Amino acid sequence: MLDCLVGYEAKRKRQLKKAPDGALKDFLATPFPDVNQSIEDTPILAVDFETTGLNAASDQILSVGFILVKKNEIKLSSAYHKVIRTTGSLTEKNVIIHQITDDTRHQGDTLQTVIEELLQTLAGKVMLVHYASIEKSFLNKACKQLYGIAPVFPIIDTLYLSKRRLDKHSTIYNPFELRLSNLRNKEQLPRYRAHNALIDAIATAELFFAELSKLDGNSSLPLKSLLSK
């Protein structure tokens, strides 16, 4: 794991030399948090995307939500939610799930504007998500499209933390238990309306604290013990 973490920083420096001027270069110019510092001292950005589907190659980001987690607190004043002006037609299923209509998205911001704002806020922080492969694949695609580079992102994944905890018990469990809503229900966290990017980012941050409370050392744990592989 430590070799992987050192690789993050080395890759950041290599990518910085190739990045065009702009938001991505500014993001890569900011060192990642020290992997040996405590999680309490690590600035974290909980992030969620709502998308037209699960395949980054063919689907698009519909909206982005994020919120800052700092010093064991969710900073509500930092809440961010933007709808992206996408192309193509939305299916009835999309609208039912995300409540984002064609009229809403046509009034949204450009992908470049939203990704730039995300990168500016994410600089010097660790990204917190639930099911990292979704956010990572869509963000990599967006950055590749806008800047020609798919950057490296240190990530904490609440799904990974939950799975790691359940696997230690050596008992059989249903993979559906790892869904954000099911894990929150088990922890008796409040029920929120799902499939809103900001609400899901807040829900992920709350679940993170619930998972952290089950670990020895809690907020004094080093960042490197929580990063996803």
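How many bridges join strand S2 to S3, and do the two run parallel or antiparallel? The legends below take up this pair and its surroundings in a predicted model.

**View 1. Pairing of strands S2 and S3.** Seven bridges link S2, residues 61-70, to S3. The two strands run antiparallel. Val69 has Ile74 of S3 as its bridge partner.

**View 2. The five-stranded open sheet.** The strand order is S3-S2-S1-S4-S5. Pairing is mixed. S3 (73-83) and S5 (155-157) form the edges. Each has a single partner strand, so one side of each lacks a neighbour in the sheet. From one strand to the next, the twist averages 25 degrees.

**View 3. Helices H7 and H9 on the sheet.** Helix H7, residues 158-168, packs on the sheet and touches S4 (126-129) and S5. The direction of H7 makes about 50 degrees with that of S5. Helix H9, residues 197-212, also packs on the sheet. H9 touches S1 (44-51), S2, S3, S4 and S5. The direction of H9 makes about 35 degrees with that of S2.

View 4. Tyr80 lies in strand S3. Its relative accessibility is 11%, under the 20% cut-off, so Tyr80 counts as buried. Leaving aside residues up to four places away in sequence, Tyr80 touches Val64, Gly65, Phe66, Val114, Glu117 and Leu198.

**View 5. Tyr80 and Glu117.** These two residues are 37 residues apart in sequence. Their C-alpha atoms are 9.5 Å apart in space. Tyr80 and Glu117 are in contact.

Conventions
Residues are numbered from 1 along each chain as its sequence is written. This is a predicted model: local features need pLDDT of at least 70, side-chain atom pairs count only at pLDDT 80 or more; totals for chains, interfaces and linings use all residues. Side-chain values use heavy atoms; hydrogens and water are left out. Two strands pair if DSSP finds at least two bridges between them. Helices (H or I, at least four residues) and strands (E, at least two) are DSSP runs, numbered from the N terminus. Axes are lines fitted to C-alpha atoms, for helices over the stretch in contact, and angles run from 0 to 180 degrees between N-to-C directions. Contact means heavy atoms within 4.5 Å. Buried means under 20% relative accessible area, exposed over 50%, partly exposed in between (1.4 Å probe, protein chains only).
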